[in-house]
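User: Could you take a look at this one with me? I have a few quick questions about it.
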Amino acid sequence: MAIYKTAITKPITTALIFVAVIILGLFSLKQLPIDQFPEIEPPYISVMTAYPGANATEVETNVSKVLENSLNSVDGLKEITSTSKDNMSVILMEFEWGSNLDEATNDIRSYIDMVYDNLPDECTRPFIFKFSSSMMPVLQIAVTADESYPGLEKILNDNVVNDLNRIDGIGNISLSGAPQRYIYIDLDPKKLESYGVSLEQVGNAVKGNNLNLASGSVKMGKEQYQMRVQGEYVESSEINDIVVKSLGTKIVKVKDLAVVRDTIKDIALEEKMNGKDGVRLIIMKQTGANTVQIATDVKENLERIKKTLPADVKMDMIYDSSTDIINAINGLSESIFYALLFVVLVVLFFLGRWRATIIIALTIPISLVAAFIYLFVVDSSLNIISLCSLTVAIGMVVDDAIVVLENISKHVDRGENPREAAIYGTNEVWVSVIATTLVIVVVFMPLTMLTGQAVILFKQLGWIVTICVVTSTTVAISLTPMLASKLLKGHEVSIDKDGKLVESSQRMGWYDKFVIPLLNKLDAWYANVLRTCLRHKLLTILVIVGIFVLSLIPVFSGAIGSNFISDQDNSMMNITIELQRGTRVEETSAIARNIENKIREITPEALVISTALGSDDDAGMASLFNATNNNKMVTRVRTVTKDQRDRSIFEIAEAIRKELDKMPEIITYNVSTAMGNMGSNTVDVEIYGYDFKTTNRIAEDFINIIKDIPGARDITNSREQDRTELQIIFDKEKLAMSGLTESAVSMYVRNRVNGMAAGYFKEDGEEYDIIVRLKEEFRNNLNEIENIDLMTPTGQNIKLREVAQVKEYWCPPEIQRKRRERIVTLSVTPVGTSLGELAQEIQKKIDAYDVPSGVIVQIGGTYQDQQETFQDMVLLLALIVMLVYIVMASQFESFAKPFIIMMSVPFAFSGVILALFITGTNFDMIAALGAILLVGIVVKNGIVLVDYINLMRDRGYELGEAIALSGQSRLRPVLMTAFTTLLGMVPMALSTSAGSELWIPMGVAVIGGIIASTIITLIIVPILYSLMARHGERDKNAEVQKSFIFMRMNDTLDEDRRIDAEQNNNRLN
Amino acid sequence: MAKAVFIVYNQANTEKVFYMLDELGIRGYTFWEQVQGRGSQNGEPRHGSHTWPEMNSALITMVSDDKVDELLRTIHKLDKRQEELGVRAFVWHVENYV
């Protein structure tokens, strides 16, 4: 028995099945985490190898090259790049999006094993490092303090970090720029010399008098005691009185030689928030954890913790990824809500009946809820993409229910009772309802097969729309007829006293009085227009083709830019500023204050300005990830939210750029407004070539050339400038004569300049380093360094300059390689222009440039990703077109008919182009998503119309009349589909919430496209049909008659009967 | 002494036809659920195809002569009630039966 019959005969089962679906869906919805984008592992793995003592070139030849050559054969590898610098080689491997990184990691491990023996002996074992989304901070909080600042690290660790660690799903919590307590013993070398004490003696004395030791147990009488030496310092001032040396009756104490300072560590990594000393609290989450939940929990807990902290400790949010997410999700939820409302209103307007509207509207929540179940099953989240997809789906899910309900209503209007009407009404249309759904499915299913970066965007769209539409069809042929059989009312009839049937007069509501005549007039008007157009086919086609060609002008004239993903205004920007190489960190700090003040002056919108600079020298491997160093600072600016300011973040960024341009001390800077995991939009100029000088020169040339291109900003050169270094060059003979070795001397120098670790000072269970070294003024110039005292094995004091020279050297830059060749990359950010336009401009310059042999210059970066994705999209479009053709051709059982619809699709794009052009929106991946959706709508409407024309012709109407009648009869369904989708997109296109930049292009594209595609369906499709069809081709009788010519034979019945009779007579005789 | 009445009607009339037979006290019948057809004067074809999606049902019942007239009159009323659906009846003479 067919599904709809079962549904009608078993209404309770049917209702309860859908109730179960809704409950499951709401349960899933409650469990779904909220995130910005679908979680996808970034396909990067890096291999890091330390090669102590080697310089960049050596690392390149002996480590990076060897590893690259081997790793290049790992399966699924897309691109291999490497950076070789002093002591360190980092190889970054990029894989195809969506590839299995665990497998790749195993592969990498075995390839490393294969070449490990070929690496230099001093190399450490290569370390494989995988990026994951849990490394992106969820929250960054600026903590500032006045008098508590020196103890801030301890306060935060004890009160905040431990407390927050208990939150479910929280990952790593780290403090950046926390002041560390250090005890410095600053020695005066002149005093050391006069007392005949070496730095090492001081260090050992300090270390040796700072002990707690057990000295065995003592038995006395009946008791037994533990004996201990309790010599550890209780106060740091005790160090002053430590005796270093005794000269007869005189003793030399530390305070005679040095100043002991119990203080915080000299600047290494400095963090300032709004110009005040502070610490950045960086909070990360575990992979797959709910960002929004964690952010809320952290904020709640912080409110509580704040009360227990000293009064001068202030906390300010610098970055909260959850606000972006919440804003975006709220914005989209609002759009979905409006879409739902509009769809219901449109249905109500066209049908004019509450009950019917309710039955149809019920399809929407059930279909949406099915999508939630899908998201829950595949461990995904509620995110921008899934919600955009739902908005897209809303307009489509009602279509099937409308078709079914309309047909049932038609039966009811003929006087059938609702139950029979539901059965037979559904029976008549259910096959074609499934067929149209199939078209939508073949448009959206291929999206799930995409590879590359677009996977993130399109996979979910494909699945969600497919699932929603399939669910809606299931609902339309089960729940809808069931509800119609129960809720629709048959016409009430009675028998009057004459025994005649009278229909009790239908109440004439305002709807019947005003709307129906209006709609009827519209139908009639359209039929007239269509007839006129059919009489002037050529003219109409010429006008429409003319409009189409005109609409292409903005594309070829470059008036419509293209982006990968539109930049979002998240009220955040990151400013990276690089000063002259070798600038000391205190100087950088002073410049940073200056820059902060300038920024504050020109951006009254700024809420928090926080700056980080310098680096933690002890951090080792972690320093690789540090964005800052002694001459590089990162300033984060958070402004008030978008609706509270007049300037967009892009305008503010531009103003800051202008200001930074004026500062001569800045070498390069980059003002980035991109946030989250999608990265920024840059065009990269890649210059491949072995020779440093040549490629450096070309890079310089291009920087100057590109500077003049309008809209090119933030040009950064990936190859860092050569930097100066101080090297100690020994005179081997003198060194040997003094009895010293290179390693001994380097240790002496290190102890005096960097400091000698002389144990720890313990307080409240924490340990603080004690560092012995020379006072700063005795180690801050070449002369003083050459004067450093060294102790020979014979106890003599000699100066460093007696055995060595200290010289300034230029040290080679770090070496970057890509595709196993040396490379320089110039990244350019487009401002006020699009990625595509900028890339084209730059390509022109590259073509005009005379590139020497052995050097290749090409464009890469986001632009390349975009090109690759667009290529994928074109392939995808081809696949979709083919599948749609197959479905349509089999539905019409005709090779030619699908072309009518196929040929109309390009015209829909002119609507997209015009809409983008008028609103000045750039074409990006999200707009492309809208364009694909349009293909679905155009095709669906086209099928509805062509199918109906076929039907009318089969029913014997003449071609022209069939077309006009079909148009008239299908006008309302087509308008309904158009309006539901159109109005569903309006809130999206007009939305101003944070992050709305992302989906506005889609709203604009779809609105433009829908308007165009509706006109196409209503005008072009009928005209193309009439051009491609021949009169009478569908007259099957004529066809059949041709092959059966027996009707025209002579009538020989009488003759044959006579012959038969004669034969019978003969036989009898 | 008996007549065969062949009733053919739009599927959507099925319930009403059976109700009518019960009301008139006619018990026996033979029923074809799905038959195709086309009316002689007007009326759309019923082919269950894409072009003509509707279907007819048919029923033959043997009734005594005196019931035929009442049956035909009732069927005519049913037809008047919903002319678009349509119901037709044709009467044969039954020669013999076992």
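User: What radius of gyration does chain A have, and what would a compact globule of 1069 residues have?
Analyst: Bearing in mind that this is a predicted model, chain A has a radius of gyration of 40 Å, whereas a compact globule of 1069 residues would be near 31 Å. Along its principal axes, the C-alpha trace of chain A spans about 165 × 80 × 75 Å.

User: How many helices and strands does chain A have?
Analyst: Chain A has 32 helices and 32 strands, and among its contacts between residues at least 6 apart in sequence, 79% join residues at least 24 apart.

User: And what percentage of chain A counts as buried?
Analyst: Of the 1069 residues in chain A, 42% count as buried.

User: Which residues touch the most other members of the largest nonpolar core?
Analyst: That core has 216 residues, and those touching the most other members are A:Val143, A:Ala371, A:Ala393, A:Val443, A:Ile464 and A:Cys468. Helix α28 of chain A, residues 925-954, gives the most to this core, with 20 residues.

User: What does A:Cys468 touch, then?
Analyst: Leaving aside residues up to four places away in sequence, A:Cys468 touches A:Ser367, A:Leu368, A:Ala370, A:Ala371, A:Ala393 and A:Val397.

User: Switching topic, how many residues of chain B are in contact with chain A?
Analyst: In chain B, 11 residues are in contact with 11 residues of chain A; by class, the chain B side of that contact has 4 charged, 4 polar and 3 nonpolar residues.

Terms used
Residues numbered from 1 in each chain as written. Chains lettered and ligands numbered in written order. Predicted model: local features only at pLDDT ≥ 70, side-chain atom pairs only at ≥ 80, totals over all residues. Helix = DSSP H or I, 4+ residues; strand = E, 2+ residues; numbered from the N terminus. Rg over C-alpha atoms; globule rule 2.2 N^0.38 Å. Buried ≥ 20, exposed ≤ 12 C-beta atoms within 10 Å, placed from the backbone. Contact = placed C-beta atoms within 7 Å. Core = buried A, V, L, I, M, F, W, Y, C linked by C-beta atoms within 7 Å. Nonpolar A, V, L, I, M, F, W, Y, C, P; charged D, E, K, R; others polar.
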